[in-house]
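Reader: I am new to this structure. Could you walk me through it?

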Amino acid sequence: MTLPSRSNASTVADRLGEIVGDRHVLSRPSELLVYNSDALPGYRKQPRLAVFPGKRDEAIAVVRLLAEEGLPFVPRGAGTGLSGGALADDIIVIGLHRLKEIISLDIENRRATVEPGVVNLRLNKHIAPHGLLYAPDPSSEAACTIGGNVAENAGGPHCLKYGVTLNHVLAMTVVLPSGEVVELGSKFGEHDGYDLRGAFIGSEGCFGLALDITVKLTQRPQTVRTLLADFMSVDQAARVTSAIIASGIVPAALEFMDGPTIRVVEASIYAAGYPKDAEAVLLIELDGLEAGVSTDLEVVRQVCIEGGARNVRVARDDVERMKLWQGRKKAFGAMGRLASHLIVQDAVIPRTRLSDILATIHAISEKYGVLVCNVFHAGDGNLHPNIAYSADDPDESERVHKAMTEIVNACIDAGGSITGEHGVGLDKLGYMESIFSDTSLNAMCELRGVFDPDRRANPGKVVPIHSCKEWNAAASARGPARAREATPLSAEPARPSAR
Ligand SMILES: Cc1cc2nc3c(=O)[nH]c(=O)nc-3n(C[C@H](O)[C@H](O)[C@H](O)COP(=O)(O)OP(=O)(O)OC[C@H]3O[C@@H](n4cnc5c(N)ncnc54)[C@H](O)[C@@H]3O)c2cc1C
């Protein structure tokens, strides 16, 4: 299997153009620049071609043509991924954002079938008048696609109570890299035999393209109450997080922002009215029936006060509630004020280790002279330590890389994991061997082989190449992976992504 030479690539482009229309195939390097990064701008890979099917049948025909030619490809949704998963290293990108139809809405059975390019928030706006919601709510919901959510098994603030994408996808039509079309799961929610739907969710584009996706819809809660508790110590806020869960209440969301995050949000257009002198805030949401929520609210307020909260504010109305959430959801964007590049980490720790790990992160940040902003899903123990930096400064880039590597290793040592929701992609490849045995990595390779025996879908991602008899066209993953170390940030400076 070889990559097409430049001249063959133009033949492939012509044939793709016959399927989708010439204007939906890009081949000039300048046009392809847009696709050489995802939302983690430290990595850049230039694709050879990009093709954008506008109909389901076109997507299938594109995959069949690439199968015929033996060519590798990378699926891409909105490119909001934070692990370099949608990057194509001199191979073909299949962009799915034009497949954006909400195919059907079944109110009686509370489910919807959508094309993969439907933006998460658009689905929610569409179903809101029926008193329904689609629960997985990544903070990127205004841009990311349901197809991308499936591929990453996306989470979000409200997944603490409602569960992640895996818990809300009933069935999918998938085009395998061979061009064969299969149905995974069941629209009625019953799964016979092995759960291949479950295996596909979180497969990061390595098992084929998710096309029509049937999701479960949830009744909107009768009452929603949002609290903001502020603390003069990170440690107190961390301990209160565990105390809330230990009280037996499972909030709909339990989010943490530290002092540096609060201050950068408050200096931005997303200012939410967080107290600027606080060292941490917890954004806590409770939902359900009015009677139960009122009781829980008093318990949570008490736990916060006993744990040292300086203030517990309850949003008076929806406007105030949305403002509090906007600050949280746009926090990564606000960090664009600090420097041209941002690295977003996604490690997981047992929730009860939160206090220790935040102290460790602080010590690491001082050791390397970098500013870490922590904003994360505290209830799930899913951390997002972020460092704004300039990729044009080699010394700073090196310090950031070392600091992030130490942070992730500290999370692993605390009994945690390397990704909660953003996926392995390229960024976490180097850590895979430190958390999985050879046997597990081999099993992953074999599972992948069931869906994609030729390893043509998103080659070189998720499992280190030398762990599988992996196809060697994935230049990005060639060479030995460095144990317990993130894939080094691109030497070539990248421009910040527009968020
Ligand atoms: C500001 C910000 C906040 C974020 N917050 C969250 C959060 O709270 N929770 C969370 O989980 N993530 C979050 N993310 C990460 C990201 O938005 C999610 O991973 C999202 O699911 C990616 O969707 P996308 O459409 O942008 O996919 P892309 O980035 O385009 O692709 C991601 C992966 O999915 C594959 N893929 C895309 N579409 C398909 C398809 N139809 N079939 C098969 N494979 C496909 C790609 O090959 C790639 O490997 C955040 C990102 C940003 C920038």
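Author: One term comes first: a residue is buried if 20 or more other C-beta atoms lie within 10 Å of its own, exposed if 12 or fewer, and partly exposed in between, with C-beta atoms placed from the backbone. This is a predicted model, in which local features need pLDDT of at least 70 and side-chain atom pairs count only at pLDDT 80 or more, while totals for chains, interfaces and linings use all residues. Residues are numbered from 1 along each chain as its sequence is written.

Reader: Is G42 buried or exposed?

Author: G42 is buried, because 26 other C-beta atoms lie within 10 Å.

Reader: And where is G42 placed?

Author: G42 is in the loop between helix 2 (29–32) and strand 2 (49–51). Helices (H or I, at least four residues) and strands (E, at least two) are DSSP runs, numbered from the N terminus.

Reader: Now the overall layout. Into which domains is the chain divided?

Author: There is domain 1 (6–95), domain 2 (102–219) and domain 3 (223–333); the bounds come from an automatic or database domain assignment.

Reader: How many residues do domain 1 and domain 2 each bring to their contact?

Author: Domain 1 brings 14 residues and domain 2 brings 20 residues, where contact means C-beta atoms, placed from the backbone, within 7 Å. On the domain 1 side, helix 3 has the largest share, six residues.

Reader: Where does the ligand lie?

Author: The ligand lies between domain 1 and domain 2, because both give residues to the shell around it.

Reader: Which residues come nearest to the ligand?

Author: Of the 37 residues around the ligand, G77, G81, G147, G148 and G205 come nearest. A residue counts as near if its C-beta atom, placed from the backbone, lies within 6 Å.

Reader: Which helix gives the most to that shell?

Author: Helix 5 does, with five residues.

Reader: Let us turn to helix 8. Why does its span agree with expectation?

Author: The 13 residues of helix 8 (residues 234–246) should span 18 Å at 1.5 Å a residue, and its end C-alpha atoms are 19 Å apart, which agrees. The expected span is 1.5 Å times one less than the number of residues.

Reader: Which residues of helix 8 are buried, and what covers them?

Author: The buried ones include V234, A238 and I244. Among the elements covering the buried residues of helix 8 are strand 12 (223–231), helix 10 (290–306) and helix 13 (354–368).

Reader: What follows helix 8?

Author: G248 follows, and its phi is positive, near 100°.

Key. Two residues are in contact if their C-beta atoms, placed from the backbone, lie within 7 Å.
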